[in-house]
Amino acid sequence: MKIYTNIRFLTLVFAFASISIFSEGRDASAEVKIVTSIPDFAAIAKEIGGDKVVVESLAKGYQDPHFVDAKPIFITRLNQADLLVYNGLDLEIGWLPILITGARNSDIAAPAALGHYNASTSIKNVLEIPTAPVDRSIGDVHPGGNPHYMLDPRNGIPVARGIAARLIRMDPENASYYEENFKNFASTLRLKISEWETELKPFKGTKVVTYHKMWIYFTKWAGLTEAGYIEPKPGIPPSPSHVANLIKSMEKLQVKLIIAANFYPEKTASLVAEKTGAAFLSLPVLVEGRDGINTYTELFDAIVGEVTSALKDKTGSVKDSVYRHKE
Ligand SMILES: [Zn+2]
């Protein structure tokens with residue numbers, strides 16, 4: 001601890017003495033300052049970086065990551081960052097680029113900089129890449145593809161690998177430490193993924209309605225089928241006629257579950273649930289999206305746990321057999 005304190009003190013002295021000394025290179029034994037756009041990346045960076053990093057997420061887990069208020073303090077954070085990790089695919093288009101410009105930090109600003117990590121560049125299975133030109137008439141469609149890839153837990157692994165690779169290059173002295181942490185993270189996550197897949201297996205092909213087109217990575221992985229959306233088009237609020245049609249088609253298709261991120265308004269979804277007899281889940285979709293969810297694994301424990309127990313209650317298949325057994 002003492003060494004760190006001394007280095008911090010010296011860094012401070014150097015910073016006052018000459019800005020150029022401070023900016024020439026990060027001290028190898030000082031902590032790497034990581035700023036992330038969303039808390040999922042912060043949680044993963046903490047697991048990979050351990051005590052060699054300080055991590056801060058700009059967006060909170062209960063906020064809609066499409067729309068985050070660009071606070072002045074965020075500019076300060078980005079100005080001091082060694083590494084920026086963000087989602088890409090235009091998820092943060094409304095708020096992050098302006099903050100990066102304001103921060104005037106060449107270590108993180110340019111896409112080619114070592115400290116600039118667009119995590120979507122590590123994702124191989126980007127879904128829903130538009131084939132036709134994108135304009136506002138089709139709603140809030142992201143031209144690079146659906147950006148909500150972190151809702152497929154398998155995508156946590158390439159992102160963690162990407163963060164580890166940056167840290168290893170930025171702080172080679174601690175390379176084996178980052179490498180080891182990445183291996184532990186990946187093996188734990190792989191084990192959990194197979195557990196979640198076992199829990200989800202009985203519900204393969206079950207139809208669900210979602211609020212925003214945010215769940216495709218999750219539903220594809222989980223083996224669920226999306227049968228409609230509360231939003232008529234991405235980012236467009238539901239109209240009464242859309243809701244009436246949705247109710248009709250849900251009854252026809254016997255949809256038993258509606259899922260929504262917990263930052264969306266609940267009124268319409270719960271009304272539709274009431275009318276159709278489907279269950280409605282308002283779910284956390286980001287780390288820290290609810291108390292007690294502090295890691296990427298805990299996020300999926302919550303989502304998979306709630307989805308499977310709602311489906312057990314609603315689809316009857318599992319419930320029936322349990323009841324029969326009891327009788
Ligand atoms: Zn979106």
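Colleague: What volume does the second largest cavity have?
Modeller: About 40 Å³. Keep in mind that this is a predicted model.

Colleague: Which residues line the second largest cavity?
Modeller: Leu58, Lys60, Gln63, Val68, Asp69, Lys71 and Phe74. By class, that lining divides into three nonpolar, one polar and three charged residues.

Colleague: How many cavities of 30 Å³ or more are there?
Modeller: The count comes to two.

Colleague: And how much space lies in the largest cavity?
Modeller: About 120 Å³. The lining of the largest cavity has 14 residues. Those closest to its centre are Ile38, His148, Met150, Val285 and Leu286.

Colleague: How does the lining of the largest cavity split by class?
Modeller: There are 11 nonpolar residues, two polar ones and one charged one.

Colleague: How does anyone find where empty space is left?
Modeller: You roll a probe the size of a water molecule over the atoms.

Colleague: New topic. What coordinates the zinc ion?
Modeller: Three histidines do: His66, His148 and His212. Each uses its NE2 atom, at 2.1 to 2.5 Å. His148 also turns up in the lining of the largest cavity, among the residues closest to the centre.

Colleague: What spacing do the donors of the zinc ion follow along the chain?
Modeller: The pattern is H-x81-H-x63-H.

Colleague: Where do His66 and His212 lie?
Modeller: In loops. His66 is in the loop between β2 and α4 (72–80). His212 is in the loop between β5 (207–210) and α9 (216–222). So the pair ties together parts that are 146 residues apart in sequence.

Colleague: On to the sheets. What is the order of the strands in the one with β1?
Modeller: The order is β2-β1-β3-β4. That sheet is open, and its four strands pair in parallel. The edge strands are β2 (53–57) and β4 (116–118), and each pairs on one side only. From one strand to the next, the twist averages 20 degrees.

Colleague: How many bridges join β1 to β2?
Modeller: Five. Strand β1 covers residues 32–36 and runs parallel to β2. For a landmark, find Val35, which stands opposite Glu56 in β2.

Colleague: Which strands does helix α3 touch?
Modeller: Helix α3 (residues 39–49) packs on the sheet and touches β1, β2 and β3 (83–86). The direction of α3 makes about 170 degrees with that of β2.

Colleague: What about the sheet with β5: what order does that one have?
Modeller: β6-β5-β7-β8. This is an open sheet of four strands with parallel pairing.

Colleague: Why is one side of β6 and of β8 left without a neighbour in the sheet?
Modeller: Because β6 (225–229) and β8 (279–283) stand at the edges, each with a single partner strand. On average, neighbouring strands of this sheet are turned by 30 degrees against each other, direction ignored.

Colleague: How many bridges pair β5 and β6?
Modeller: Three, in the parallel sense. Look for Lys207, which stands opposite Thr225 in β6.

Colleague: Which strands does helix α10 touch?
Modeller: Helix α10 (residues 240–253) packs on the sheet and touches β5, β6 and β7 (257–261). The direction of α10 makes about 150 degrees with that of β6.

Colleague: Last one. Where does helix α11 lie?
Modeller: Across β7 and β8. Helix α11 covers residues 267–276 and runs at about 155 degrees to β8.

Technical notes
Residues numbered from 1 in each chain as written. Predicted model: local features only at pLDDT ≥ 70, side-chain atom pairs only at ≥ 80, totals over all residues. Heavy atoms only, no water. Pairing = 2+ DSSP bridges. Helix = DSSP H or I, 4+ residues; strand = E, 2+ residues; numbered from the N terminus. Axes fitted to C-alpha atoms, helices over the stretch in contact; angles between N-to-C directions. Contact = heavy atoms within 4.5 Å. 1 Å grid on protein atoms, 1.4 Å probe; cavity = no way out; pocket = protein on both sides within 12 Å on 5 of 7 lines; lining within 4 Å. Points joined across faces, edges and corners; volume = space filled by probe spheres on them. Nonpolar A, V, L, I, M, F, W, Y, C, P; charged D, E, K, R; others polar. Donors = N, O, S within 2.8 Å, 3.2 Å for Na, K, Ca; no water.
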